[in-house]
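Me: I want to go through this model and ask what each label rests on. Show me the chain, please.

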Amino acid sequence: MELFLHDSQQGSKRTFEPIDAQRITMYVCGPTVYNYVHIGNGRPAVVFDTLYRLLQKLYPEVVYARNITDVDDKINQAAAENGEPIAVLSARFADAYEADLRGLNVLPPAIAPRATEHIPQIIAMIEKLIANGYAYEAEGHALFHVPADEQYGELSRRSLDDMLAGARVDVAPYKRDPKDYVLWKPSTDDLPGWDSPWGRGRPGWHIECSAMIESHLGERIDIHGGGSDLLFPHHENEAAQSRCALGHERTVNYWLHNGMLTLGSEKMSKSVGNVLVLHHMLEQYSGDLLRYALLAAHYRASLAWGEDLLTQAGKALDTFYQALRTVPALANASAANEADRPLDTLPEDFVQALLDDLNTPQAMAQLHALARSINVTSDDAEREALGRDLLACGWHLGILNTAVERYFQGTDDGDEATIQAQVDERLAAKAARDFNRADAIREQLLKDGIELEDTREGTRWRRL
């Protein structure tokens with residue numbers, strides 16, 4: 001099976017050719033943990049989790065690292081405003097991020113490195129850059145000297161003049177060039193700091209990822225992912241640092257970038273203030289529904305977020321589960337039951353959609369085709385086989401995680417026994433030919449938001 005991925009550096013789709021087919025390496029930039037993340041931050045996590053699932057089926061080992069930035073000026077500011085220790089705040093929101101991703105059914109990566117756990121590696125990489133003539137020390141800072149790297153700008157395909165015009169650069173007297181950026185900065189006593197050859201201080205944002213990649217994945221990796229907003233300057237700086245410190249012309253074989261979420265005409269951003277907090281959204285919507293919505297557009301395209309998108313996602317899930325409900329053998333099944341299925345046993349059109357640069361809209365179209373086939377076949381064995389295909393495809397997209405009957409009964413356990421008791425009472429009334437009582441129970445349940453369906457296999461109920 002041939003996998004195609006769109007490489008941002010080349011600007012086109014390429015056949016995926018791993019460095020080592022026995023060990024695929026992938027790194028994705030995680031958040032800076034100073035607050036709850038917004039739904040837009042959930043998109044790269046879901047997109048690259050979907051790719052991770054696919055890669056695991058194609059190769060014997062996939063080493064996937066998704067970092068957390070837990071030392072940053074935004075964290076320091078938020079902790080000061082909250083009046084709490086910096087480490088406490090960052091740990092709290094790092095834990096919240098991981099919990100939110102579990103809510104989206106994102107698989108844990110093989111490695112989840114945190115910047116503060118890699119200070120010696122960061123210092124060592126900065127020392128290499130200085131020794132190689134690409135960085136320098138000035139007034140307690142270590143800075144990368146952008147003009148020293150002749151390849152700088154190749155990833156984002158920007159000229160140095162364009163970068164300076166469009167970037168928010170700190171023009172400081174200790175810089176040799178305005179485009180130079182900080183690798184290490186001094187810390188006052190009230191800020192996090194570590195001893196270094198340049199004095200007590202803390203790392204800059206960009207160098208952290210370069211050091212963590214080398215530490216866990218090696219000097220060259222197969223895939224580096226993240227949001228398109230990170231292409232410049234973060235990923236451009238990462239590419240430069242790694243290249244210049246390690247001596248490789250290219251340290252990442254495939255750069256992948258997902259598009260942004262938009263609200264109206266604007267990109268969702270904390271700086272703009274138009275964010276929808278993922279933690280709160282998971283209290284209102286199921287993880288399946290949010291995940292379906294996040295995958296509804298191709299990962300490289302922007303995604304317009306709104307009620308229409310969520311409504312469509314809910315209707316799609318209803319369609320899949322209604323089809324699955326016609327298969328009695330799958331009443332207690334979910335996608336997890338089919339997680340071990342090899343790719344070559346899944347519908348070919350679905351697999352080809354994923355292999356074609358993770359074309360999730362086309363893959364979802366195949367799920368709808370499976371649901372239609374389930375609904376039209378009169379062969380019970382074929383219906384069950386199609387249902388298992390639907391669940392297996394759902395696993396690859398990270399959806400259909402709720403057992404079929406459980407989906408229709410909702411997730412509130414508090415009154416489930418009471419509802420079932422009423423259903424049983426109605427069945428007993430019908431058996432005793434007390435149809436007035438049976439109808440009264442049905443009507444009361446309907447008023448309470450519970451719909452009954454009498455089938456050959458018995459009476460089912462669902463929350464409206």
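Reply: Start with the term contact: two residues are in contact when heavy atoms lie within 4.5 Å. Keep in mind that this is a predicted model.

Me: Which residues does threonine 25 touch by that rule, beyond its neighbours up to four places away in sequence?
Reply: Threonine 25 touches Val63, Leu217, Arg220, Ile221, Asp222 and Ile223. Threonine 25 itself sits in strand β3, residues 24–28.

Me: Why is threonine 25 called buried?
Reply: Buried means under 20% relative accessible area. Threonine 25 has 3% relative accessibility, so it counts as buried.

Me: What makes histidine 6 buried?
Reply: The cut-off is under 20%. Histidine 6 is at 15% relative accessibility, and therefore counts as buried. Histidine 6 lies in strand β1, residues 4–7. Its contacts, leaving out residues up to four places away in sequence, include Gly11, Ser12, Lys13, Trp255 and Asp357.

Me: Asp357 turns up there. Why is aspartate 357 called buried?
Reply: Its relative accessible area is 1%, against a limit of under 20%, so aspartate 357 is buried. Aspartate 357 lies in the loop between α11 and α12.

Me: Which residues of helix α11 are buried?
Reply: Helix α11 covers residues 348–355, and its buried residues are Phe350, Val351, Ala353, Leu354 and Leu355. Their cover includes β1, α1 (39–58), α12 (360–376) and α13.

Me: Where does aspartate 389 sit, and why is it called buried?
Reply: Aspartate 389 is in helix α13, residues 380–397. Its relative accessible area is 15%, and the limit is under 20%, so aspartate 389 is buried.

Me: What makes the link between aspartate 389 and arginine 341 a polar contact?
Reply: A polar contact needs a pair of N or O atoms within 3.5 Å, with one able to donate a hydrogen and the other to accept it. The side chains of aspartate 389 and arginine 341 are joined at 2.6 Å, so the pair qualifies. Leaving aside neighbours within four places in sequence, aspartate 389 is in contact with Arg341, Thr345, Pro347 and Leu370. Aspartate 389 and threonine 345 are 44 residues apart in sequence, with their C-alpha atoms 8.5 Å apart.

Me: How do you know that the buried residues of helix α2 line one face?
Reply: In α2, residues 73–82, Ile75, Asn76, Ala78 and Ala79 are buried. Seen down the axis of α2, those buried residues fall within an arc of 165°, so they line one face of the helix. An α-helix has 3.6 residues a turn, so residues three or four places apart point the same way. On the other side of α2, Ala80 and Glu81 are exposed.

Me: What do the buried residues of α2 pack against?
Reply: They pack against α3 (86–103) and β8 (201–203).

Me: What is found at the start of α2, and what follows the helix?
Reply: At the start, a side-chain oxygen of aspartate 72 reaches to within 2.8 Å of the backbone nitrogen of lysine 74. After α2 comes glycine 83, with a positive phi near 70°.

Me: Why is glutamate 139 called exposed?
Reply: Exposed means over 50% relative accessible area. Glutamate 139 has 58%, so it is exposed. Glutamate 139 is in the loop between β5 (135–138) and β6 (141–144). Its phi is near 50°, a positive value in a residue other than glycine.

Me: How do you know which form the peptide bond from phenylalanine 232 to proline 233 takes?
Reply: Omega is near 5°, and the bond is cis. Most peptide bonds are trans. Proline 233 is found in helix α7, residues 231–246.

Me: How many helices and strands does the chain have, and what share of the residues is buried?
Reply: The chain has 16 helices and 15 strands. Buried residues make up 52% of its 464 residues.

Me: What share of contacts between residues at least 6 apart in sequence joins residues at least 24 apart?
Reply: The share is 76%.

Technical notes
Residues numbered from 1 in each chain as written. Predicted model: local features only at pLDDT ≥ 70, side-chain atom pairs only at ≥ 80, totals over all residues. Heavy atoms only, no water. Helix = DSSP H or I, 4+ residues; strand = E, 2+ residues; numbered from the N terminus. Buried < 20%, exposed > 50% of the residue type's maximum accessible area, 1.4 Å probe, protein only. Arc of directions from axis to C-beta.
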